[in-house]
Amino acid sequence: MSMKINPLNAIDFYKADHRRQYPDGTEYVYANFTPRSSRLARMLADFDDKVIFFGLQGFIKHFLIDTWNEGFFQQPKNKVVAAYKHRMDSALGEGAIPVDHIEMLHDLGYLPLRIKALPEGSRVNMRVPVLTLVNTDPRFFWLTNYIETILSAELWKSCTTATIAYEYKRLLTQFAQKTGAPLDFLPLQGHDFSSRGMSGIYDAAQSGVGHLTSFIGTDSVASIDYAENYYNATGIIGVSVPATEHSVMCMGAEDNELETFRRLICDLYPSGVISIVSDTWDFWRVITQFTVALKSEILTRKPNALGLAKLVFRPDSGDPVKIICGDPDAQFDSPAYKGAVQCLWEIFGGTTTDKGYKVLNERIGLIYGDSITLERAQDILQNLESKGFASNNLVFGIGSFTYNYLTRDNFGFAVKATWGQVNGVGRELFKDPITDSGVKKSAKGLLRVEESEIGFTLFDQQTQEQEKKGALKVVFENGKLIDECNLNQIRERLMIT
């Protein structure tokens, strides 16, 4: 997963000369990374304004250790210093940025920073810092906020996608409990379809691990690699199934689509789960006619070692709520009026849960992954419930419309300095713009975070002794990862009981 980048250049240009802009005698700069506001509250009425903290260990291992070592400390000093000077000179003017501090850092041989953080997988209250960082050597006071750009860019997305995945899991849990659906199906009910719509494959891998904190269903192979490499993941990390795409169905030709289905379920995949995209031409013909023609083959497929023999139909267009649950404006009693779940129930039947909700025959299923959002998922689950169907009749393919249609402002993540030391004297720093609504008002001074029954609480203006206490623990110091976690621990913290 290594990415060739000069770590010195992973900044906004304005960071390059802040070193000289701080007062003479500056020795320490202390900053934090905090979610300040939530847009999810507008999507889900029961969202409790808590963010999942996730992604720091991957960032530390990949960037603060591997990238800095490979791209800076292990490179010849004259080479990296010359490259940095060339970049600054070409953009800001000849000699605009001195390089003696870069030479000094290379001589030191490691990043003199200390990062304290909450445990990854924590659900953190809004406006409470998830981490703090400070330089450990007074000569490198400039380094704390020098890495703000990369710290923010690498962490806000992982936290955001992990939070959204958790909210999907919470939503699915709520409806499983209401309709009597088995809870052990939940880890598979949210399936990551987002990779092709992300901002590059590395973004897809990072974001996809955020999904894996709550689910195991994924089509992102790189995310499993990332989880193993950076989060010591073992056991069942992520799983998928054989599945077709439109090119497969088109190559088989429309006139021969039924035989393509038969070849797939009888010859290529006579056991286990196979997902077949079903709207290449006429989805309702597939659901109401092909199913009847293939009913005996579908019902007599052999279970695999896990006891599974399921054909999963995948609609990939239209309004997902209407396709799955039915369109009340369609012709009465037509397949479109009934919706896919009702049509499949009429052909294959099924069972009922202990709460009286219908579950389709175990040999068939549905997955929908086109433009699914939390709101649409909620609408689908509510409509299924109102029609008497349990929530586990559908797997949600969660794609880039969910995981990449985001910004840092979804949770208002920001890095802010709140304390510094100049000539041996501490200074409490804060911002409170008169033109702002209050969202950008920062904490003040040294910070401590404590955990209680209501979540995490911030205490600012702390003494140095008070700052050492609380839930924020040292995870990185002087170039080394101090406290390591694994994906299983994170998943355990995010268990919904």
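Two strands are said to pair if DSSP finds at least two bridges between them. Helices (H or I, at least four residues) and strands (E, at least two) are DSSP runs, numbered from the N terminus. The model is predicted: local features need pLDDT of at least 70 and side-chain atom pairs count only at pLDDT 80 or more, while totals for chains, interfaces and linings use all residues. Residues are numbered from 1 along each chain as its sequence is written, and side-chain values use heavy atoms, with hydrogens and water left out.

**Figure 1. Strands β9 and β12 of the sheet.** Residues 309-314 form β9 and residues 364-368 form β12; the two strands pair in the parallel sense over three bridges. Phe 313 stands opposite Leu 366 in β12.

Figure 2. Strands of a sheet pair through backbone hydrogen bonds, either parallel or antiparallel.

**Figure 3. Strand β13 and its two partners.** Strand β6 (residues 190-192) runs parallel to β13 and is joined to it by three bridges. His 191 has Gly 397 of β13 as its bridge partner. Strands β12 and β13 also pair in the parallel sense, over two bridges, and Ile 367 has Val 395 of β13 as its bridge partner. Both faces of β13 (residues 395-398) are covered: Val 395 and Gly 397 are buried on one side, and Phe 396 and Ile 398 are buried on the other. Buried means under 20% relative accessible area, exposed means over 50%, and partly exposed lies in between (1.4 Å probe, protein chains only).

**Figure 4. Helix α16 and the residue after it.** Eight of the nine residues of α16 are buried, so this helix is largely enclosed by the rest of the structure. The buried residues are Ala 340, Val 341, Gln 342, Cys 343, Leu 344, Trp 345, Ile 347 and Phe 348. Gly 349 follows α16 and has a positive phi, near 65 degrees.

**Figure 5. Ser 122 and its surroundings.** Ser 122 lies in the loop between β3 (113-117) and β4 (123-125). This residue is buried, with a relative accessible area of 7%. Leaving aside neighbours within four places in sequence, Ser 122 is in contact with Val 51, Ile 52, Phe 53 and Phe 456. Ser 122 and Phe 456 are 334 residues apart in sequence, and their C-alpha atoms are 9.2 Å apart in space.

**Figure 6. Thr 67 in helix α2.** Helix α2 (residues 56-73) contains Thr 67. Thr 67 is buried, with a relative accessible area of 5%. When neighbours within four places in sequence are left aside, the contacts of Thr 67 are Ile 5, Pro 7, His 62 and Phe 72.

**Figure 7. Two loop residues with positive phi.** Most residues other than glycine have a negative phi. Asp 333, which is not a glycine, has a positive phi of about 70 degrees. Asp 333 lies in the loop between α14 (320-325) and α15 (335-338) and is partly exposed, with a relative accessible area of 46%. Asn 478 likewise has a positive phi, near 50 degrees. Asn 478 is found in the loop between β18 (473-477) and β19 (480-481) and is partly exposed, with a relative accessible area of 28%.

**Figure 8. The chain as the setting for the close-ups.** The protein chain has 20 helices and 19 strands. Its C-alpha atoms fill a box of roughly 80 × 50 × 40 Å, taken along the principal axes. Of the 497 residues of the protein chain, 54% count as buried. Among contacts with a separation of 6 or more, 76% are between residues 24 or more positions apart.

Methods:
Contact = heavy atoms within 4.5 Å.
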